[in-house]
Amino acid sequence: MTKSPLIFSAAVTVLLLLSLSHFPGALSQSSKDCKPESDNACTDKNKALDLKLIAIFTILITSLIGVCLPFFARSVSAFQPDKSLFLIIKSFASGIILSTGFMHVLPDSFDMLSSPCLDDNPWHKFPFTGFVAMISAVFTLMVDSITTSVFTRSGRKDMRARVPADTAEVVSAETPDQETGHVQIHASHHGHGHGHGHGLNHNLHGDNEKELGSYLQLLRYRVIAIVLELGIVVHSIVIGLSVGATNNTCTIKGLIAALCFHQMFEGMGLGGCILQAEYGWVKKAVMAFFFAVTTPFGVALGMALSKTYKENSPDSLITVGLLNASSAGLLIYMALVDLLAADFMGQKMQRSIKLQLKSYAAVLLGAGGMAVMAKWA
C-alpha cells in the first residue's frame, strides 16, 4: 500500500521518457557518418565475451559486499547509526552518489543526446539533458513529499490508535515538521481547567511526542531508502547494458575496475540508508539483492541484445540518453537534499563543527575519487 505511489511514479516516468523518444521525427538519423568502429584494434568479440563474464561476477560480488557491509558493521559499536563515524562514512558514500550524478550519468546523457547520429532538429537545438534532469529532480521532490505525507498521515493514525481514549482528543491533526520530527500537541480545553490541560500536555510531550517523532523519522528514512534505490537501479541497468553491448576490450577493462569501485561505495551509501530504515532481514535482503543484481543483469541483457542493440543507433541514443538524464536528476536531488542536507542540518552535526569538517572532508574525498573514475567510466 505504501509503495504504490513510488511504483506509479516510476511507471509514469518510464512511459513519458519512452514516448518522448518515439515522437515522429525524433529518431531521424543525421546524414553524418554513424558507423560503428568495427575496425578498432581493441574490438575483439571473443575476448570481450570473457571480460563480460568476469564483469558480471566481480561486479555482483563487490556490490554485495558494499551494500551488506553496513548491516554487519552495525554489531560494532563505532558503526552504530547514532555514532559520529557512521555519519562520516555515510557522507563519503553520499559524495560518491553525488559525483555519480554530476560526473558520470549527466555527461553521458549530454554526449548521447548531442550525438552527430541524431538529427539537428530537435536534438541539437534544445538542451534535452538539462531539461529532463531538471524535471526529474522536481518530480523526485514531488514523489518524496507526497509519499512522506502519506506515510506520516498513516503513522499518525497508528499512533493515535495507541493513545488512551481519554487523551486521544488532545493530539492535533497538524502536519509534523518532518525535518526535526517535532510534533505540536495541544492541551485540550474541552471542559477542563488550565492546570489539568497543562499537566496532560506535559505528559503527552513526555511519553507520546518522542515516540511519534521517532516513528515519523523512521518512515522518512524508509522513503529515502526506496527512492534512492529506484534511482540507482535505473542507472545501474543502463550502464550494465552499455558494457554488455560493446565488444571494445579496452573500454570493458577500464569499466570493470571503475564499476567495482563505484558499486561497492554506492552500495555502502544505500546500505546505510536501508540500515537507518530499520527494515526486517527479509526486506533488507530483497533490497540488497536488487541493488547487487541490476548491473550484472544489465550486462547480461546487453550481451543478449548485442546483435540488435547498437550504441550509436538513434533509438538507443535517445532512450538511454533520456533515462540517464532522468537518473542524474534523481541522484543529484537525493544526494544533496535527502542525504547530505538532512545529515548536515541535523542536530548531531549542528552541535559539532569538528564533526562537520570531518564529514565535509569525507564528502570531498568520495566525490573526488568518483570524479577521477570518470576518466575510465
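Reader: Is F290 buried, partly exposed or exposed, and what is its relative accessible area?

Author: Before the case itself, please keep in mind that this is a predicted model. The general idea is that a residue counts as buried under 20% relative accessible area, as exposed over 50%, and as partly exposed in between. F290 has a relative accessible area of 46%, and it is therefore partly exposed. F289 is also partly exposed, because its relative accessibility is 48%.

Reader: How should I read a pair of aromatic rings, and how many aromatic pairs are counted here?

Author: A pair of aromatic rings is described by the distance of the centres and the angle of the planes. In this structure the count comes to nine aromatic pairs. In one of them, the rings of F126 and F128 have centres 5.0 Å apart and planes at 70°, so this pair is edge-to-face. The rings of F289 and F290 also make an edge-to-face pair, because their planes stand at 75°, with the centres 5.9 Å apart.

Reader: Which residues form one aromatic cluster with F126, and where does F126 lie?

Author: The cluster is formed by W123, F126, F128 and F131. F126 itself lies in the loop between α4 (120-123) and α5, and its C-alpha atom is separated by 9.6 Å from that of S114, a residue 12 places away along the chain. With a relative accessible area of 39%, F126 is partly exposed, whereas F128, with 14%, is buried.

Reader: Which residues make the nonpolar surface patch?

Author: The patch is made by F126, F131, M134, I135 and V138, and its area is about 470 Å². V138 belongs to helix α5, which covers residues 128-162, and V138 counts as exposed because its relative accessibility is 52%.

Reader: How many salt bridges does the structure hold, and which residues are linked in a network?

Author: The structure holds three of them, and the network links D144, R220 and D338. D144 and R220 have their closest N and O atoms 2.8 Å apart; D144 lies in helix α5 and R220 in helix α7 (residues 194-245), so their bridge ties together parts that are 76 residues apart in sequence. R220 also meets D338 in a salt bridge, again with 2.8 Å from N to O, and this pair links helix α7 with helix α10 across 118 residues.

Reader: Which residue forms a salt bridge with K90?

Author: The partner of K90 is D343, and their closest N and O atoms are 3.4 Å apart. This pair links distant parts of the chain, for D343 lies in helix α10 (residues 314-344) and K90 in helix α3, 253 residues apart. Both D343 and K90 are buried.

Methods:
Residues are numbered from 1 along each chain as its sequence is written. This is a predicted model: local features need pLDDT of at least 70, side-chain atom pairs count only at pLDDT 80 or more; totals for chains, interfaces and linings use all residues. Side-chain values use heavy atoms; hydrogens and water are left out. Patches are made of residues with over 30% relative accessible area and no salt bridge: like charges are joined within 9 Å, nonpolar side chains (Val, Leu, Ile, Met, Phe, Trp, Tyr) within 5 Å. Accessible areas come from the Shrake-Rupley method with a 1.4 Å probe; for residues, only the protein chains shown count as cover. A salt bridge is a side-chain nitrogen of Lys or Arg within 4 Å of a carboxyl oxygen of Asp or Glu. Helices (H or I, at least four residues) and strands (E, at least two) are DSSP runs, numbered from the N terminus. Buried means under 20% relative accessible area, exposed over 50%, partly exposed in between (1.4 Å probe, protein chains only). Rings of Phe, Tyr and Trp (its six-membered ring) pair if their centres lie within 6.5 Å; planes under 30 degrees apart count as stacked, over 60 as edge-to-face and the rest as tilted.
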